[in-house]
Amino acid sequence: MQSPNQSLSRREALVGLLATFAMASAPKSAAAAISKQIDETREQLTLPTFIKYENPAFGRAEHEAFHKELEARYGFAKDPHLTRWTSNPEQVYVNKNAGESIHIVGVNLKENYAEMVWVLAPAYINAEGQRVLAHVPFEHIHSNQEEQFEKLCGEVNAQVNGVILQAEKTDFFSALPEDDHIAWNSGATPLAMRVRYYPAFGRDGERALMTYWGLVNEPERTTDTGAPKNFALLGALNAHLGPQALATGMPAFLPKVAHPFLVNPLNRKEVCDLYRELTGEEHPEAIEAREP
């Protein structure tokens, strides 16, 4: 994976993301040809419709077993350059309605990136005859982080800034800060990717992930496709978790919707109660309220 200080301009990045469209020994006119293929791809491919993932053959137990298999195969935890700072190194977070899971591996302090393994369950046909795809629940951006994806196994489908990448030709792609992106698995086997965030998030970022992944597994608080019903609540949950928290997998508009939501005292109590439920800790605001 390349270092983020090698990042190019937005247009150059898009060309780079789709460089697999070009021949290995591309002529000087390759950039123009790739630009044409970007436009053709946008016209030919469309974002699929996502519905609730309820595959009985691939639930939480299968996600956890697959992550263990990946660890045995690739040895992420044995990387000497990674610090295992995570509060629960064996924890696999599963979003069951989306068919998605992650395992936080650690952080490279020297190169300043956090690493996780991300899995999307295989596509399947449900009882109504619909083809159901595991997916990221919503298109989102990271306001100050670059996210790099390296395929380990399976087929990856992704959309970055409206450009859909073809599964059979995508082994690596990157979302720069402010790039809209989303991904899904249209294959019959699980998709696994090594994901790196530049700059790294720390324990504050991990707590943000804990609250998000806890929230999306509460049926009354989650849509059928695995997104929180109340984004304001999600934003408020993470509003006091540190400067990196909202940048970690959270839509950039959350700080804007979180503040008005917190003005209502009833909402503030709900935030504190839910924070305690999901993290086992007191929300900082609840602690402040009790101090003389």
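**Contacts, core and strands**

Analyst: Residues 24 or more positions apart account for 71% of the contacts in the protein with a separation of 6 or more, where contact means heavy atoms within 4.5 Å. Bear in mind that this is a predicted model: local features need pLDDT of at least 70 and side-chain atom pairs count only at pLDDT 80 or more, while totals for chains, interfaces and linings use all residues. Residues are numbered from 1 along each chain as its sequence is written, and side-chain values use heavy atoms, with hydrogens and water left out.

User: How many helices and strands are there in the protein?
Analyst: There are 8 helices and 12 strands. Those are DSSP runs numbered from the N terminus: H or I with at least four residues for helices, E with at least two for strands.

User: And what percentage of the residues is buried?
Analyst: Of the 292 residues, 51% are buried. Buried is under 20% relative accessible area, exposed is over 50%, and partly exposed lies in between (1.4 Å probe, protein chains only).

User: Which residues have the most contacts inside the largest nonpolar core?
Analyst: Leu70, Met116, Trp118, Phe173 and Met193, in a core of 53 residues. Strand S3 (residues 113–120) supplies the largest share of this core, 7 residues. A nonpolar core here is a set of buried Ala, Val, Leu, Ile, Met, Phe, Trp, Tyr and Cys residues joined through side-chain atoms within 4.5 Å.

User: What does Leu70 touch?
Analyst: Leaving aside residues up to four places away in sequence, Leu70 touches Gly75, Phe76, Val117, Val119, Cys153 and Ala192.

User: Let's look at H3. Which of its residues are buried?
Analyst: His63, Phe66, His67 and Leu70 are buried in H3. They sit on the same side of H3 because they cover an arc of only 105 degrees around the axis, taken from the directions from the helix axis to the C-beta atoms. Ala61, Lys68 and Ala72 are exposed on the other side of H3.

User: What do the buried ones pack against?
Analyst: Strands, namely S1 (92–95), S2 (100–108), S3, S7 (146–153) and S12 (191–198).

User: How far apart are the end C-alpha atoms of H3?
Analyst: They are 21 Å apart, which agrees with the 21 Å that the 15 residues of H3 (residues 60–74) should span at 1.5 Å a residue. The expected span is 1.5 Å times one less than the number of residues. Just after H3, Gly75 takes a positive phi of about 65 degrees.

User: Switching topic: what's the strand order in the open sheet?
Analyst: The order is S6-S11-S8-S9, with antiparallel pairing. S6 (134–135) and S9 (163–165) are the edge strands, each pairing on one side only. Two strands count as paired if DSSP finds at least two bridges between them.

User: How many bridges join S8 to S11?
Analyst: 4 bridges, and Gln159 has Ile182 in S11 as its bridge partner. S8 and S9 pair over 3 bridges, with Val160 opposite Val163 in S9. In the hairpin of S8 and S9, Asn161 takes a positive phi near 50 degrees.

User: What about the faces of S8, covered or open?
Analyst: Both faces are covered, with Asn157 and Gln159 buried on one side and Ala158 and Val160 buried on the other.

User: Last one: is Glu206 buried or exposed?
Analyst: Glu206 counts as buried, at 2% relative accessibility. Its place is in helix H4 (residues 203–215).
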